[in-house]
Amino acid sequence: MDKWEDNKAWFLVVPVFLIVAFSAIIPLMTVVNYSIQDILAPGKGVFVGVEWFREILSDSRLHGALIRQIIYTFSILAIEIPLGIMIALLMPARGFSSSISLVIVAIPLLIPWNVVGTIFQIFGRGDIGLGGAFLHKIGIDYNYASDSVDAWLTVLTMDVWHWTPLVVLLCFAGLRAIPDAYYQAAKIDGASKWAVFRFIQLPKLKGVLIIAVLLRFMDSFMIYTEPFVLSGGGPGNATTFLSQYLAQLAIGQFDLGPAAAFSLIYFLIILLFCFIFYTFMQNAEKENG
Amino acid sequence: MRTKKQSFLLILYFILLMLPIYWLINMSLKTNIEINGSLTLFPDNFTFANYIKIFTDASWYTGYLNSIKYVVINTLISLSVALPAAYAFSRYKFLGDKHLFFWLLTNRMSPPAVFLLPFFQLYQTVGLFDTHVGVALAHCLFNVPLSVWILEGFMSGIPKEIDETAFIDGYSFPKFFISIFIPLIRAGIGVTAFFCFMFSWVELLLARTLTTVNAKPISAIMTRTVSASGMDWGLLAAAGVLTIIPGIIVIWFVRNHMAKGFALGRV
Amino acid sequence: MSMEWMAWTPVTACFFIFIILMLIGMTVWHQISPTFESKGFLPMKTTRGDRLFIGLLGSAYIYLIWIIITEASLWFVMPIALLYIFIVMKFG
């Protein structure tokens with residue numbers, strides 16, 4: 001579709017620009033200002049150059065949080081994307097059962113994030129939770145509040161439970177867009193199930209999978225609420241991811257300078273990945289016409 | 001095409017999916033004595049006491065009212081500014097359009113924690129700290145970009161010829177937009193409103209930081225209960241169940257557009 | 001309405017003024033000679049604005065890496081960053 005060329009369209013965009021700029025650009029400018037000063041009191045800052053950046057970049061707790069974040073993000077992608085595709089393939093394609101399946105799958109997505117934390121906080125407890133009690137019964141000593149591996153696995157399970165449905169929904173929408181004629185042609189050719197998946201379904205899923213990876217990548221990179229509710233980032237700092245650590249610095253300890261430097265580095269990482277994904281998305285859209 | 005094995009696996013997945021939610025509901029209908037006493041799959045002493053407490057105790061139900069207030073304000077603001085902008089992005093080429101569109105995406109993707117630091121002072125300066133409008137405005141940070149992206153996706157599905165015909169027929173832009181275009185994308189508007197509602201409803205970090213008393217959301221009240229000693233699990237579970245309900249009510253109506261909404265309108 | 005909490009310094013003020021001037025400059029440049037998508041050594045087609053963004057983002061990363069590997073002054077890395085921006089703008 002060829003678009004009209006007219007710079008007057010800017011007038012339609014101005015309200016959006018102003019309202020987002022208020023909450024995005026003013027704070028971002030302030031963060032830049034904070035990042036190069038030692039703020040002793042409001043209005044009393046001492047210029048320190050890139051000292052905070054140097055401090056933050058060599059902060060071992062930040063390295064820990066970053067490594068945990070990366071491992072976590074790639075683990076959930078490695079689990080959720082294949083699992084989501086598999087379940088989408090199992091879903092009935094039409095009729096009432098299809099609608100019901102869609103609704104059931106979507107329910108976890110609609111639960112407030114802090115309640116997801118609460119649900120697993122209760123579910124995973126050995127004394128009052130079904131999941132925790134079950135694990136104890138079969139002889140696994142599981143306790144997310146004191147064992148860091150258990151806490152880590154709980155957060156992972158929570159994310160898989162919560163967000164695999166998103167991948168399912170997207171893939172399901174992608175699969176439904178494939179015309180029946182494709183399947184019939186494959187049937188005539190006697191194609192195996194795997195061949196149908198590999199050469200018909202997977203290529204058509206490319207577009208939605210890019211979006212699924214983008215959303216899961218970005219959202220898991222800013223995960224805050226769920227581990228916060230479950231165990232406050234603990235035990236120790238086993239589930240302290242980037243946002244958690246930043247919030248600790250900023251509103252816990254009020255270390256304005258380091259927190260600001262951290263915010264900027266965090267923002268640069270997000271900006272880079274956002275740009276890469278955006279470019280991919282645009283290319284995929286162009287290919288599809 | 002479908003085999004028994006497929007259906008079996010799917011149902012197994014659904015059971016695993018529903019189990020934690022079932023447990024939450026189960027807990028919310030028990031007394032605390034039963035919760036701490038033994039593990040029961042169904043409440044022995046079926047009770048609504050936890051729900052009644054939430055509906056009668058002001059410190060609980062004001063949390064819900066606060067959340068609902070700022071979520072509604074946010075949805076209204078987001079929709080009203082995003083509709084014209086999405087139209088501009090879907091119909092026009094203008095200076096910097098792609099960069100602006102990308103900038104909006106970065107705001108949806110940035111962790112709220114990044115902007116959190118000066119939020120406190122910013123909202124205090126403009127006098128919006130601890131107000132519903134304040135939280136609503138802060139949530140615009142990610143909900144406005146989200147709305148623009150989703151609405152743009154829906155609008156791009158409508159042929160431009162409709163606009164052209166209307167303008168030839170002598171419609172002014174506002175009249176065309178309100179009487180022809182908006183009815184055409186009402187599904188998209190519904191879905192967008194739904195997603196603004198959801199994402200504002202589930203956000204915790206900004207809402208918690210920007211409020212103290214008057215606009216304190218239910219999510220913050222719930223975390224406070226969590227950190228207190230001697231936890232009231234039944235009450236917490238009931239509060240959790242009540243926050244799920246708004247989503248469940250509307251889910252059936254948006255089921256066919258959900259994927260498009262989650263995918264920022266790109267499916 | 002006091003804006004003191006924003007803690008402006010001359011350095012950051014210059015930085016943002018520079019960015020705004022650059023945006024204005026790009027707009028003017030676009031009016032004088034419009035830019036079109038073209039393919040350089042980067043894997044996708046880019047306009048002048050895209051290349052500027054890639055250049056600036058990349059140079060931010062160059063600065064960060066410099067801070068990690070050495071204590072030396074940031075002035076030394078400036079030529080490298082500028083050269084990088086120039087290469088991306090010219091051949092990207």
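Biologist: How many salt bridges are counted between chain A and chain C?

Modeller: This is a predicted model, and side-chain atom pairs count only at pLDDT 80 or more. A salt bridge needs a Lys or Arg side-chain nitrogen within 4 Å of an Asp or Glu carboxyl oxygen. Between chain A and chain C the count is 1 salt bridge.

Biologist: Which residue forms a salt bridge with A:R54, and how far apart are the closest N and O atoms?

Modeller: The cut-off is within 4 Å. The partner of A:R54 is C:E71. Their closest N and O atoms are apart by 3.9 Å.

Biologist: Which element gives the most to the side of chain A that touches chain C?

Modeller: In chain A, α1 (10-35), β2 (37-41), α2 (51-57) and α12 (256-287) each supply at least two residues to that side. One of them gives the most, with 9 residues: α12(A).

Biologist: By class, how many nonpolar, polar and charged residues has the side of chain A that touches chain C?

Modeller: The contact takes 25 residues from chain A and 24 residues from chain C. By class, the chain A side divides into 17 nonpolar, 6 polar and 2 charged residues.

Biologist: What area is buried between chain A and chain C, and what share do carbon and sulfur atoms give?

Modeller: Interface size is often given as the accessible area lost when the parts come together. Here the buried area is about 2200 Å², and the share from carbon and sulfur atoms is 76%.

Biologist: Which residues in chain A lose the most area to chain C?

Modeller: Three residues together make up 26% of what the chain A side buries. They are A:N33, A:R54 and A:F275.

Biologist: Now chain B. What should helix α5 span, and how far apart are its end C-alpha atoms?

Modeller: Helix α5 of chain B covers residues 97-109, which is 13 residues. At 1.5 Å a residue, α5(B) should span 18 Å. That agrees with its end C-alpha atoms, which are apart by 19 Å.

Biologist: Is B:D163 buried or exposed, and which side chain does a polar contact join to that of B:D163?

Modeller: B:D163 sits in helix α8 (residues 160-168) of chain B. Its relative accessible area is 0%, so B:D163 is buried. B:D163 touches residues including A:W4, B:Y87 and B:F176. The polar contact is 2.9 Å, and the side chain it joins to B:D163 is that of B:R91.

Methods
Residues are numbered from 1 along each chain as its sequence is written. Chains are lettered from A and ligands numbered from 1 in the order in which they are written. This is a predicted model: local features need pLDDT of at least 70, side-chain atom pairs count only at pLDDT 80 or more; totals for chains, interfaces and linings use all residues. Side-chain values use heavy atoms; hydrogens and water are left out. Contact means heavy atoms within 4.5 Å. Buried area is the accessible area (1.4 Å probe) that two parts lose on being put together, summed over both. Helices (H or I, at least four residues) and strands (E, at least two) are DSSP runs, numbered from the N terminus. Ala, Val, Leu, Ile, Met, Phe, Trp, Tyr, Cys and Pro count as nonpolar, Asp, Glu, Lys and Arg as charged, and the others, Gly among them, as polar. The expected span of a helix is 1.5 Å times one less than its number of residues. Buried means under 20% relative accessible area, exposed over 50%, partly exposed in between (1.4 Å probe, protein chains only). A polar contact is a pair of N or O atoms within 3.5 Å; within protein, one must be able to donate a hydrogen and the other to accept it, and residues adjacent in sequence count only if both atoms are side-chain atoms. Lists of a residue's contacts leave out its neighbours within four places in sequence.
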